[in-house]
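Here are my notes on the model, point by point. Please read them with the structure open.

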Amino acid sequence: LADVPTCTTVVVVRRTGLDVSMQAGRDHGMFTMDQHLADLVNSNMVTLEAAQEAKARLTAQNKWTIDEALFDGKLAYKRGQTKAEDADIELEWCRFADDGSFEIKTIGDPVPEKLFYKIDQANNRIIIGYDDQFKNAEDWTIKAGSVYSAKFDMELKDDDELVYLKMVAIP
């Protein structure tokens, strides 16, 4: 590469194919096969295998909690810096079970509520529903590409408000 300083391509793809760092055709705007691969990965065109890996990561942790909450793109809550009550946060923790159940424990509630989750293969994501028929499944979604071993991102639609949650594993 030292002999060709005008065309540098660096592609790093982890096993899940989700983390991509690239600089291609820096001086000449060249389109390379590596750039095409990176575009596919960045467009969230992940495989069913990636969604199954995401499920395995979600179930591997005992419990998850909110690290940050954004309401319509504005930071409303940061764990350890904001009181949950001040940001209208009710979720204390959540848990994914292998059987497709999803428990949520709200602040002040002694008993967790049971919901359900499944892989939505067509859209490469995990959806959460209030019943096992997933009638309201569009309300809670997790893109497979956002799930790591100790964190994931979840989107919720609450009436007209879009809530974006950055979740972390509880040690």
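Which side chains meet in a salt bridge at 3.3 Å, N to O? They are those of Asp 67 and Lys 78. The numbered points start from this pair.

1. The model is predicted.

2. Glu 68 is buried, because its relative accessible area is 18%, and the cut-off for buried is under 20%. Shared partners join Asp 67, Glu 68, Lys 78 and Lys 166 into one network of salt bridges.

3. The structure holds 7 salt bridges. Another of them pairs Arg 57 with Glu 53, with the closest N and O atoms 3.9 Å apart. Both residues lie in helix α2 (residues 48-60). They are 4 residues apart, about one turn of the helix. Glu 53 counts as buried because its relative accessible area is 16%.

4. For the overall layout, the protein chain has 2 helices and 9 strands. Along the sequence the pattern reads α-α-β-β-β-β-β-β-β-β-β. Of the 171 residues in the chain, 38% are buried.

5. Check Lys 105 in strand β4 (residues 101-106). Lys 105 is buried, since its relative accessible area is 11%. Its side chain reaches the backbone oxygen of Asp 109 at 2.5 Å.

6. Two backbone angles deserve a look. Most residues other than glycine have a negative phi. Asp 72 is not a glycine, yet its phi is positive, about 50°. Asp 72 lies in the loop between β1 (64-71) and β2 (74-78). Asn 124 also has a positive phi, near 50°. Asn 124 sits in the loop between β5 (113-120) and β6 (125-129). Asn 124 counts as buried because its relative accessibility is 16%.

7. Asp 72 returns in a surface patch of negative charge. The patch gathers Asp 72, Asp 88, Glu 90, Asp 158, Asp 159 and Asp 160. Asp 158 belongs to strand β8 (residues 151-158). Asp 158 is partly exposed, as its relative accessible area is 43%.

Key
Residues numbered from 1 in each chain as written. Predicted model: local features only at pLDDT ≥ 70, side-chain atom pairs only at ≥ 80, totals over all residues. Heavy atoms only, no water. Patch = residues over 30% accessible without salt bridge, like charges linked within 9 Å, V, L, I, M, F, W, Y side chains within 5 Å. Areas by Shrake-Rupley, 256 points an atom, 1.4 Å probe, with all protein chains shown as cover. Salt bridge = Lys/Arg side-chain N within 4 Å of Asp/Glu carboxyl O. Lys, Arg positive; Asp, Glu negative; His and termini not counted. Charge placed at Lys NZ, Arg CZ, Asp CG, Glu CD. Buried < 20%, exposed > 50% of the residue type's maximum accessible area, 1.4 Å probe, protein only. Polar contact = N/O pair within 3.5 Å; in protein donor to acceptor, adjacent residues only side chain to side chain.
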